[in-house]
Amino acid sequence: MKNKYSVFSLIKNALSQHENWQQAWGNPEPKKEYDVIIVGGGGHGLATAYYLAKKHNLKNIAVLEKGWIGGGNTGRNTTIIRSNYLWDASAGLYDHALKLWENLSQELNYNVMFSQRGVMNLAHNLQDVRDLKRRTHANRLNRIDAVWLNTEEVKKFCPIINTSPDIRYPVLGGTLQRRAGTARHDAVAWGYARGASEMGVDIIQNCEVKGIKRNGDRVEGLETTKGFIKTNKIGVVAAGHSSVIANMAGLKLPLESKPLQALVSEPVKPIIDTVVMSNAVHAYVSQSDKGELVIGAGTDSYVSYTQRGSHNIVEETLKAILELYPIFSRMKMLRQWGGIVDICPDASPIISKTNIKGLYFNCGWGTGGFKATPGSGDLFAHTIANDEPHKLNAAFNLNRFVSGDLVDEHGAAAVAH
Amino acid sequence: MFLINCPFCGERDQSEFSSGGEAHIVRPKQPTELSDDEWAEYLFMRKNIKGIQFERWNHVHGCRKWFNVVRDTSNDKILSVYKMGEKPPVNYK
């Protein structure tokens, strides 16, 4: 790498008042033709381009982003990473990603601040207890670390949780995945962008796709705001806007796009050193390295592309947070925002070929795509390069909605992913 | 968050309503005759439009009646409300 980041480069640049850092990625104008074009410059899209260049030896690749890279859901999520999913297919997919996370900072020579602080999922009723225990067993059969904690152990692991039996939805226990945690979301996009750009990938920002040119059953190129670009392979990783792109090719997807909200508080001293999620009351919280509480709220119930979300959703989440963590009652919230998430009927993603030759979709991650970023990119790159899915994403094909072979992860994903 | 003009109760907060998704998806007349592709189309595939969408809503915390709404999903503006069984307004396509 021409500009390797290290403690020495930091010292060297400190001596010149940090004025001589090189640009981390280029800002090229689009060429006339590419071997592969990735639509969407979020974490998944940039990771796809990175692995296409790195593992599949493709060099003539472009990533088109209508805004700025990482400005969509990559920069809007609550950065939770875990792999404790119920079914074998999901376990394989998400744990593949988790294993890549564990070495990602080294791989990219970019500190993604991956922190394996553990993720705890709470149970609030007897059915939760049964479901979560079942999931713990399923995880362990798939060699994914998971333990069941009773109420006292939950309290010991995270002392600020209100475990009183008198609250409306008492804590009856929980599961813990210790290898799970968080990462710095922007750094993931920037790290992959830098790595991909280094290998010759053109990252083209402020370039919106306006149409897909087809010749019979194959793609020929893309109409964009920067003109027509020729290509035989298009990988669409457009998250909430996947259906919009699909419609351009005359395809319909099993997706609904909805606003999902998150919010952060004012920064405070360290108070919660893990991630706690509760699907039943819909509250999940962690603390960023800056000290802000990072709180994930729910999706609106209706299709919308407004990137806002409704106030009543935030209100319900905060009610649940206050019941579980009375210590936060006087915290002030600083910012609230929304992202558009593309939700599949079975709460599992689609990483798939389509019946149009050269058109591939990576979508349907719904409320929980961030955790899969490295794995998703790796497997999607494999699918595009070989025109065949990898065995880890074979189950996540578009045809499962016809065959009925769904990967129902509502239990492990539900509203909180 | 927005207000919805329920055709039976008048203008109410959106949180009183539940969304029924895309409207005018016709239930198959002969379910036994359907191919797997047709079932997938009916059950799962959605237009998921960014722009003007025809959709169903239920005033679940009110009169509990279903009705149709024409809404622009890019800005949440409601353009028209009409009852079940009525023809969709033709000026939005």
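I start with a pair of charged side chains: A:Asp145 and A:Arg179 form a salt bridge, their closest N and O atoms being 3.3 Å apart. By salt bridge I mean a side-chain nitrogen of Lys or Arg within 4 Å of a carboxyl oxygen of Asp or Glu. A:Asp145 sits in the loop between α5 (126-141) and β5 of chain A, and A:Arg179 in the loop between β6 (173-177) and β7 (181-182) of chain A, so the pair ties together parts 34 residues apart in sequence. Helices (H or I, at least four residues) and strands (E, at least two) are DSSP runs, numbered from the N terminus.

Before going on, the conditions. This is a predicted model, in which local features need pLDDT of at least 70 and side-chain atom pairs count only at pLDDT 80 or more, while totals for chains, interfaces and linings use all residues. Residues are numbered from 1 along each chain as its sequence is written, chains are lettered from A and ligands numbered from 1 in the order in which they are written, and side-chain values use heavy atoms, with hydrogens and water left out.

Next, A:Lys99 forms a salt bridge with A:Asp95, at 3.6 Å between the closest N and O atoms. The two are four residues apart in helix α3 (residues 88-101) of chain A, and therefore separated by about one helical turn. Is each of them buried or exposed? A:Lys99 is exposed at 53% relative accessibility, whereas A:Asp95 is buried at 4%. Buried is under 20% relative accessible area, exposed over 50%, and partly exposed in between (1.4 Å probe, protein chains only).

A:Glu292 is in strand β15 and A:Arg335 in strand β16 of chain A, 43 residues apart. A:Glu292 is buried, at 7%, and A:Arg335 is partly exposed, at 40%.

Both strands belong to an open, mixed sheet of eight, in the order β5-β6-β4-β13-β14-β15-β12-β16 of chain A. Two strands count as paired if DSSP finds at least two bridges between them. The edges are β5 (147-149) and β16 (333-343), each pairing on one side only.

Strand β12 (residues 256-267) runs antiparallel to β15 (residues 292-299), with five bridges, and antiparallel to β16, with 10 bridges. A:Pro267 stands opposite A:Glu292 of β15, and A:Leu263 has A:Gln336 of β16 as its bridge partner. Nine of the 12 residues of β12 are buried.
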